[in-house]
Amino acid sequence: MKKVLALALCLMMVGTLASGCGKETTENKGNADNIGITEAPTQEGEVTPDVTEGAKKVEIDTSKTIKIGVLVSDATTPEALAFRSYYTDYIQKQYNVEFVYSDELKDAAGEKSAIDTLVTNNCKAIISFSSFDRPAQIEQCAGAKVYYAVATGTLTQEQYDKYKDNEYYVGAIGPSLEDEYQTGYDMAKRYIDLGNTNYAIFGGAIPYFTDMHIYRAAGMLTAMVEAGGADANYLGATTKEAIVQQIYADSGIQTGNIGSLSIVAYVGGYDMNDAWFAQCAQMAQTKDLQVILAVGNGSDFFGAAIKGADVKIASVDAYASSYGDAMNAGMLDYLAGKFSASIGPVFAAVYSTVNGYPIRTDEGYALALSQGYWIAASSDEFQKYYAVDSSKESPAYTKSALDILVGSDYKTFSDFVSKYSFDEVVQLSK
Amino acid sequence: MVKDTIIEVKHMEKRFGSTIALNNVNITINRGQIIGLIGENGSGKSTVTSIISGMQRADSGEMIFRGEKWQPDSMLYALDHGIGMIVQENGTVPGITVAENIFIGEYEKFKSFSAGNGRKWGFIRRRQMMAAAEKVLDNIGVTHIAPEMLTGALDLQDRKLIEIAKIINKNPDVLIVDETTTALSQIGRDIIYKIMNRMKEENKAVIFISHDLDEIIRVCDALTILRDGKIIITFKKDEFDEQLIKTSMIGRELQGDYYRSDYDGSYESEVVLEIKNVQLNNRLKDFNLQLHKGEILGIGGLSHCGMHELGKVLFRSIMPDAGEVLVHGKNIKDEAEAMKQKMGYVAKDRDIESLCLNASIRDNIAIAGLDEFAVNNFLVLPNKESKYVQEQIDSLSIKCTDKDQYVSALSGGNKQKVVFGKWIGRGSEILILDCPTRGVDIGVKQAMYQLMYTMKKAGKSIIIISEEMSELIGMADRLVVMKDGRIMKEFPRSKELCEADIIQYMI
Amino acid sequence: MKKIDVQKQILKIAPVVALLILFAVFYMVGTIKDINVAYGMKAIINQSVVVAIVATGAVFIYTLGSFDISLGASVAVSALLGGIVYNATKSILLMLAVCVGIAVLVALFNSVLASVFNLPVFVTTIAMLSILNAVVLMLISANGTGSQIAVPSEAVAGLDNLGIKVLVLFLFEALCIFVFNFTKIGRKQKFLGSNPVCAKLTGISDKKMSIVAFVMSGIGVGLGAFLCIIYAPTLTKNTATSVGMDVIIAIVFGGMPVSGGARSKITAALIGAFSMTFLSQIMILFNLNLGIGQMVKAAIFLFVVFVATSNQRAKMLPR
């Protein structure tokens, strides 16, 4: 009897969950990293977007919800959550689209399988934040006649040349490696100019040969070489190219003097085990340390350890509330951060393409545009940016700003994207 | 002594699916009585006792215990309220000490501090618990088991004794002994008999289940016979008659001989199996023995005399420390080679060592006969396999629904027939049978004895290792008595041989 | 008796019924929600085939009542070495041979290690898991670009079609069913899993059988690795990481008794792998987010396993 009861309960649970959850639309599914379909409210009162840029008339049928798949290899970091929130809490409410998120992907096979699932669920386009095998993603999408775009990243030149003609490849908008290099350079330069001499570097994914982290670090080291005096060099390297090569060769960064400046400590990787955390704590407490330059998130790993010491932390990441708190608490001094709406233009390009208005270069190629970071060097600056970035009503790129892009020509589009500094963006959205 | 009723079972019914296990069973047990419950396997005797002891519930009927309605919902409840059962299967936990097993569920009483509400807290005072356990063991006459030993390190008999101690410690009014003695040697049995007699003297009651008719006749005051879930008859002590009891149990006269009827005792001179100067830690000491073609060799002794180990050494499943085992003059190194030499081994612990309970009759019989029916000694064709298995089922008349029935659902006797089928089917020439009739009812026993005799006449060689002297006397051409790992005495087959002659060499 | 038999038969096919129900639900809900069901079916085969093959081989190990947690890592190592060999030789056949060869070697190493040290095999597989994970990192950093080993996608694109995958699956399935049900080896495996003590006393060598079981599972791992490369030729340290756990779930989901033995079935792996994928796809259709989706999955999983194994737990007549 007990067994029967238990069984019945079990079935009921399955039943209610399955039926109940099917219909209900939860408002915020930002945290869900299963493939979850977040349905958009139907927008019956909505009229055709009023886009009258130039002489072109853009007619878009808004009666049918367009499903767009999103591939993510990270679903929990502040950056990922901010991006997700912009799509599901803002864009999805403004346009008649529905974002279908993938699981947190771990490898190329996962990407492929997720794309299959997204195609099965009738996604018309896929925006990818996952980069295990971009060419495979593009080919698979093209094979399934689904549009594909890269958010917050770029293809290599070789890859771009191969796929720029492909009508299903919409393009990529994100920081180029040059941008990454510059970000690292600017960060280090700021502290050098303030007279600091003793640095520690957090290398993030350098041991995994992640290009953007290597270029950011190379930027930092180049700035040091330039400022370190006549004979300053990093292990003999003095140019950007040589330093990049050296980092690739070591899959890490060596401590030591660069002329009058010195790198007193280094930690790389994201092992996240006890030994690694101990290394981090040790690095933060290195004698005479003045600044920790992180190629990624620094405050989470070192913030607690520098409490009470006069050490500054500079990070590269995104505008998330936790960084504001870190700045207030003195655990973060400088942030080069992506703004969450930076993925707006890529959406606009996809949306436009799906609706029959592909945005291509004058030669008819896919987009390859670069877009950098917002730099906050004080809590006030951070709060100013963050207020705009986190707004669910009027984010950095509002609908009216993005509407400029839908159905636009290449020049309009690339001009728009290139004006990414805070003031420019705010101006555009007005 | 007052002969008042202690427990009464009225109109008890129990079904398992479509099988009627108990059909209107009525039993009355008086104080100061040891009542025997016997019947063939599947007759329902264990079902009755399992209901009385709270292991399961009846579908209908009622029980009255000490004048009140009795409906225990667990064995623990029953034990706490006066009815304890020592079961067939193992009831101890191997990973804890003897003392912990004895006081399982009662550790609290060894804690240091009273919590006020009748409960206690703090560490368990080990020394106190050990002392108490020792007392409990002493109480039932067991002195060779130390309370701090790990239970898993003890043998079957000692574990059984711990279980008995655990139950007796609760001082039950009714003790149920369910085929416990089959697992015990003479020493263990004596301990149980003593306890049973003491309970009788204390005006309590004992329900005793056993397959050993001699034992039951000796020990019990009354005897109730069950067959197919029904009470057939109850005999009082002065009405006990072995032949009558047997007939009542199986519902017909036993046809033909029980053991073999001849006293010929001859066999061929060819030695088929020989064990030379074998040494096995303390179990076998410089042991030498020969088995001949067409011989039934009986090996008797107390449980710990080394004879069970001898069986395993002969089949090469235990490596001796020294010495050799020769089959047809050839040294063998493992069980697979022994099987190639057409040897077969029926283990004492049937359910674990000789059978796979969670597999079908087909699986169990076919596994030893793969060489016999596999095409090119590799390919197993279902029809060939079925035919092979069915032949064994038919020739041994194994009672089953079909060959895919699980062995666990068979009675003890039929299980043992499956084991025999496994070895006979592959044409074994040499059989080592360790307690082959343990837990087997009379009808099957008789069939097995006759089978052994037939095999002997066909020139096969058999070793029977047994703790039951009567079957050794009844079956063996030659009887070897062992004690402490050595052969004490060898008897040729003879009409005059009796148990007393043998027992003096065993102890 | 008849009634019990019928019940037994029903329970026997419970996993198959579950699979059919899941398929029906997927098809119906998919049609109602207007998804691309045909594409979805292809996706489901693609998503199931590697786990199905590896799990099918692993049934041999599970039959012995044993356990191998290093299967996923073994798939990864085999695939990586296969990829490296392909890049060096440009021979698909050689790549296949290396995948299977390495996987079998790893499996042999596992079982031989267990028999040399006289340990339960699952213990050696725990050690093997660490070793293989380390090998994955070493291979990746020593070869390829440092973060991945990529076989040119053009090289395997021709093989990346359902026909080949289904064929490989079918052939391997047939081989396993043959060995398991129609040879002495299979009988001995089952018996050994049911009762090792009795098996030993029936002349069955547990060491030999465990080696055979691991070799069969190694072949499955090797084929799985090969299909992994074909499916996603860019291999990273995360390649096949989920396979290990998925294999365990698939085998149980398919109605295989966890303790192995006589009731073991080769097809359990195949059925379980597909059921699992259908279930995941249905969860997606029902728009369930992580927490609830996982809970529903877990509940269904428990329910199916409960039904499928209830005849094994059924009360037996007291003897």
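Colleague: What is the strand order in the open sheet of six strands in chain B?
Modeller: Happy to walk through it; bear in mind that this is a predicted model. The six strands form an open sheet in chain B with mixed pairing. Reading across, the order is β6-β9-β10-β3-β11-β12.

Colleague: Which strands of that sheet have one side left without a neighbour, and why?
Modeller: Look for strands that have a single partner strand, because such a strand stands at the edge and one of its sides has no neighbour in the sheet. In chain B that applies to β6 (83-86) and β12 (230-236).

Colleague: By how many degrees are neighbouring strands of this sheet turned against each other on average?
Modeller: Direction is ignored in this angle. Averaged over neighbouring strands, the turn is 20°.

Colleague: Which residue stands opposite G84(B) in β9(B)?
Modeller: Start with the pairing: β6(B) runs parallel to β9 (residues 174-178) of chain B, with four bridges joining them. Within β9(B), the residue facing G84(B) is L175(B).

Colleague: Now the open sheet of four strands: which residue of β14(B) stands opposite V278(B)?
Modeller: This sheet of chain B has the order β14-β13-β16-β17 and antiparallel pairing. Six bridges link β13 (residues 271-280) of chain B with β14(B), again in the antiparallel sense.

Note on methods. Residues numbered from 1 in each chain as written. Chains lettered and ligands numbered in written order. Predicted model: local features only at pLDDT ≥ 70, side-chain atom pairs only at ≥ 80, totals over all residues. Pairing = 2+ DSSP bridges. Helix = DSSP H or I, 4+ residues; strand = E, 2+ residues; numbered from the N terminus. Axes fitted to C-alpha atoms, helices over the stretch in contact; angles between N-to-C directions.
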